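Hi,

Here's the structure I promised to pass on. Have a look at it first, then read my notes below.

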Amino acid sequence: MSRTQERGTVRVEQGRYRVQGAFHYVYPNSPIFDEEGKLVGVTNPRDITHIHTYGGEAPFFEALSQGRLLGTECRNPDCEHTGTRHVPFIIHCPDCLQRTDIIDVTDLARQTAKVHTFMVTERTGAFNTLKKPVRFINVEFEGVATILMSYLSVGEPKIGQRVVPIFNTHEPTYTILDLSWVPEGTSVEQLPDHFTFGA
Ligand SMILES: [Zn+2]
């Protein structure tokens with residue numbers, strides 16, 4: 001496909017995806033020679049636009065762009081563990097396999113979120129867009145059965161540290177990177193570009 005073609009985009013029309021433009025680009029390759037000049041192989045540069053459908057998780061990502069954190073709760077009265085809350089957002093209860101209800105946990109997070117544990121990494125995977133070193137934190141909430149993986153944007157993480165959520169509400173990417181955390185007491189001026197304390 002030609003590089004002059006428009007990069008692929010998707011819109012929805014009458015409940016169906018309508019795709020437009022190019023989703024696969026191939027670039028000129030280059031040979032790989034050994035120290036004696038013998039051909040060993042070639043590089044194969046190409047780039048692909050994935051279409052990632054969020055399905056039942058779409059409300060979670062939409063809420064981040066609006067400065068709210070959503071979780072889920074099993075409200076099936078027949079579930080052995082009815083009332084169990086989950087953050088991250090899950091669609092089906094792992095105990096009874098019934099559909100969960102969406103709950104807004106923004107205020108709970110502001111009041112009770114703590115660093116359960118953390119990991120600081122200088123080496124990241126392919127396509128990392130976070131600033132290095134990345135301060136990954138596992139966040140726990142009062143009354144929630146699960147622990148959320150995210151990243152700290154200000155300061156150094158400590159186990160037990162109280163943190164509050166921040167949201168990329170100015171230029172949302174509609175991905176999990178729109179959610180980050182800062183130590184309790186952090187001022188608005190210290191937040192990264194495009195982030196706010198939410199709504
Ligand atoms: Zn259940």
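**What I found**

Glu73 stands opposite Arg85 in β8. Before going on, two housekeeping points. Residues are numbered from 1 along each chain as its sequence is written. And this is a predicted model, where local features need pLDDT of at least 70, side-chain atom pairs count only at pLDDT 80 or more, and totals for chains, interfaces and linings use all residues.

Back to that pair of strands: β7 (residues 70–73) and β8 run antiparallel to each other, paired over two bridges. (Strands pair if DSSP finds at least two bridges between them; strands are DSSP runs of E with at least two residues, helices are H or I runs of at least four, and both are numbered from the N terminus.) They belong to an open, antiparallel sheet of three strands in the order β8-β7-β9. β8 (85–86) and β9 (101–104) are at the edges with a single partner strand each, so one side of each has no neighbour in the sheet.

Now the whole chain. It has two helices and 15 strands. Its radius of gyration, taken over C-alpha atoms, is 22 Å, well over the 16 Å that the globule rule gives for 199 residues, so the chain is more spread out than a compact globule. (That rule is 2.2 Å times the number of residues to the power 0.38.) The C-alpha trace spans about 65 × 45 × 35 Å along its principal axes.

How many of the 199 residues count as buried? The figure is 19%. Buried means 20 or more other C-beta atoms within 10 Å of the residue's own, exposed means 12 or fewer, and partly exposed is in between, with C-beta atoms placed from the backbone.

The largest nonpolar core has 23 residues, and Val87, Val139, Phe141, Val163 and Trp181 touch the most other members. (A nonpolar core is a set of buried Ala, Val, Leu, Ile, Met, Phe, Trp, Tyr and Cys residues joined through C-beta atoms within 7 Å.) Two or more residues come from each of α1 (58–65), β11 (134–140), β13 (163–168) and β14 (179–183).

Strand β1 pairs with β2 (residues 16–20) in the antiparallel sense over five bridges, and Val10 stands opposite Val19 in β2. The two strands form a hairpin with two residues between them, and Gln14 in the turn has a positive phi of about 50°.

Cheers
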